[in-house]
Structures are given as structure tokens and as C-alpha cells.
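Q: Hi! Could you walk me through this structure?
A: Happy to. Let's bring it up and start with one of its pieces.

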Amino acid sequence: MSSIALDSARWRASWDEVMTGFVPGLSLLEAAIAHAAGEPRRILDLGGGPGVMAERMAERWPTATVTMIDLDPVLLALARSAVPTEVSVLEADLGSFDPLPEADLVTAVMTVHYLRPERIRTLYRRCHQALAPGGLLVVADLMPDEGLPSVMSALNPAPGEAAAELAWAQWWGEMAAADEFTQLMDDREEVFGSRPAANFAGSVAWHIAAARSAGFREAGLIWRDGRHAALAALR
Ligand SMILES: C[S@@+](CC[C@H](N)C(=O)[O-])C[C@H]1O[C@@H](n2cnc3c(N)ncnc32)[C@H](O)[C@@H]1O
């Protein structure tokens, strides 16, 4: 077994902690997705990272097939070394991957802010094409809602967010210092060097309008936690 495989449980556990730092209500989001999705047979997780959520969805829906897509060589290596056989790991760029695999549930958690607005619109159209009638797209990300009271303002970072940013930087700093990941970190630099994150945070209204114009018959929020929210769009 490679040292990456030996260490992946630790890296993935600390990743999960970092993500929960960004999104403290992550477990409630996952519960909301489960409630809204019913019994999906085919699940697609876009920008699945090290596959932590894909693995949890495979546990939640043991008869479903789960496919996760990402393009980060480091995170893909962690995912491949750890996810159960029910989870397929695909390496692809969401900006160009077409068509997406067919699905009953598509999730994208903290992924779409990497993409420019026109790419998100295209991705929503591809998700609509990939989903079966009645299928569900859930997109959770930073989604400002100017209507929120000022203490929860989507435009102001929550108090814990600086700590989450620091934990994120530390996680990647430790990864950069780990010998077994040197080559993968170089590969990562190559991948993201030409694809800087767009850091686009569309409002809730923007995402709902984009989902509707992609063809979804219903779209609305199923979850909010401070500046983070989840759009659910029904095919
Ligand atoms: C903040 S991470 C979230 C990962 C995972 N969804 C989670 O919640 O743990 C964002 C993910 O999106 C992936 N990503 C960003 N741009 C992408 C693209 N163009 N194609 C595929 N994946 C992308 C990144 O590699 C990363 O794994």
C-alpha cells in the first residue's frame, strides 16, 4: 500500500474539519439534501474533492451508484485511495466536461465559486440534460442574499471565517511539506495555474434565475447558514 493510501484517512479527516469550519451547518445541509432527494439511484458529485461527501452519500444510499468529478490531482489521489467501490472517481474539468453522466441527484458543494458566471450557466444546462425527469440539482456555496439582516449579512464574513481560511491555508501548507505529495502538488500547480478560481459569489436570485433559464421547472433555497446557502433545482 502506498504512503498516500496509508495517510489518506488522516488527510481526509482533517479536510472534513476544514470544510466544516467554512460551513458549520454542513451536516444539516447533507440532511436537507437527503430529505429533498428521496431515493436517488445515480448520484453525481461535482467538484467532489477528496470524496468525503461522496463516500457519505454512498453510505446513506447503499444501493445507489455515486460518481464524483474533480480535476485536482492531490484531491483525486486522496479520493481514489479511500472511497469504497460504489464510488467512481472521474478526472474532468467541469468547465468543459460534456455530457455529464446521467443522474437522479447532482450535488456541488463549495465548487461553483471556482467557475466564471457563464460557465456556471452552462454547467446548469448540462446538469439539466444529465438529470432524469424529477431529478434534483443541489448547489451549495457562498450565496449573498442582500435581504438578510445586517448581522447575518452575506456581504460580511462571519466571525469564524478567518479561522477557516487559516485552517485551509494550513492544510495546504502541510500538504506542500509532505514528501509523498510533491509530484502531485506540482501537477496541481499546473492544473490550477491556468485555471485560477473565479471566486464568483452569485446571489440567491442569480442562481435561481440561472437554474430556471437552464430549464429547471422549480428552483429555490433548501438551506442557509450565514453567507452560505444551497439552491435546489428540480428537473
Ligand atoms: C472547496 S472544494 C470542495 C470539495 C468538496 N465538494 C467538499 O465539499 O469537500 C472545491 C472543489 O472543486 C474542485 N474544482 C474547482 N474547479 C473545478 C473544475 N473546473 N472542474 C472540476 N473540479 C473543480 C476543486 O478541485 C475542489 O476539489
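Q: Which residues of α4 are buried?
A: The buried ones are Pro73, Val74, Leu75, Leu76, Ala77, Leu78 and Ala79. Keep in mind that this is a predicted model.

Q: What's going on at the start of α4?
A: There, Asp72 has a side-chain oxygen within 2.9 Å of the backbone nitrogen of Val74.

Q: Switching topic: where does the ligand sit?
A: You'll find the ligand in the largest pocket.

Q: Which residues are the closest to it?
A: Trp15, Gly47, Asp70, Asp93 and Val109 are the closest, out of 18 residues that surround the ligand.

Q: What kinds of residues make up that shell, by class?
A: The shell around the ligand has 11 nonpolar residues, along with four polar and three charged ones.

Q: What does the side chain of Trp15 do with the ligand?
A: An N or O atom in the Trp15 side chain is 2.8 Å from an oxygen atom of the ligand.

Q: And which residues lie by a nitrogen atom of the ligand?
A: Asp93 has a polar side-chain atom 2.8 Å from a ligand nitrogen. With Leu94 the backbone is involved: one of its N or O atoms lies 2.9 Å from a nitrogen of the ligand.

Q: How much of the ligand's area does the protein bury?
A: The protein buries 95% of the 590 Å² that the ligand exposes when taken alone.

Methods: Residues are numbered from 1 along each chain as its sequence is written. This is a predicted model: local features need pLDDT of at least 70, side-chain atom pairs count only at pLDDT 80 or more; totals for chains, interfaces and linings use all residues. Side-chain values use heavy atoms; hydrogens and water are left out. A residue is near a molecule or strand if one of its heavy atoms lies within 4 Å of it. A polar contact is a pair of N or O atoms within 3.5 Å; within protein, one must be able to donate a hydrogen and the other to accept it, and residues adjacent in sequence count only if both atoms are side-chain atoms. Accessible areas come from the Shrake-Rupley method with a 1.4 Å probe; for residues, only the protein chains shown count as cover. On a 1 Å grid over the protein atoms alone, a cavity is a set of points where a 1.4 Å probe fits but cannot get out, and a pocket is an open set with protein on both sides within 12 Å along at least five of seven lines; lining residues have an atom within 4 Å of a point. A molecule sits in a cavity or pocket if more than half of its atoms lie within 2 Å of its grid points. Ala, Val, Leu, Ile, Met, Phe, Trp, Tyr, Cys and Pro count as nonpolar, Asp, Glu, Lys and Arg as charged, and the others, Gly among them, as polar. Buried means under 20% relative accessible area, exposed over 50%, partly exposed in between (1.4 Å probe, protein chains only). Helices (H or I, at least four residues) and strands (E, at least two) are DSSP runs, numbered from the N terminus.
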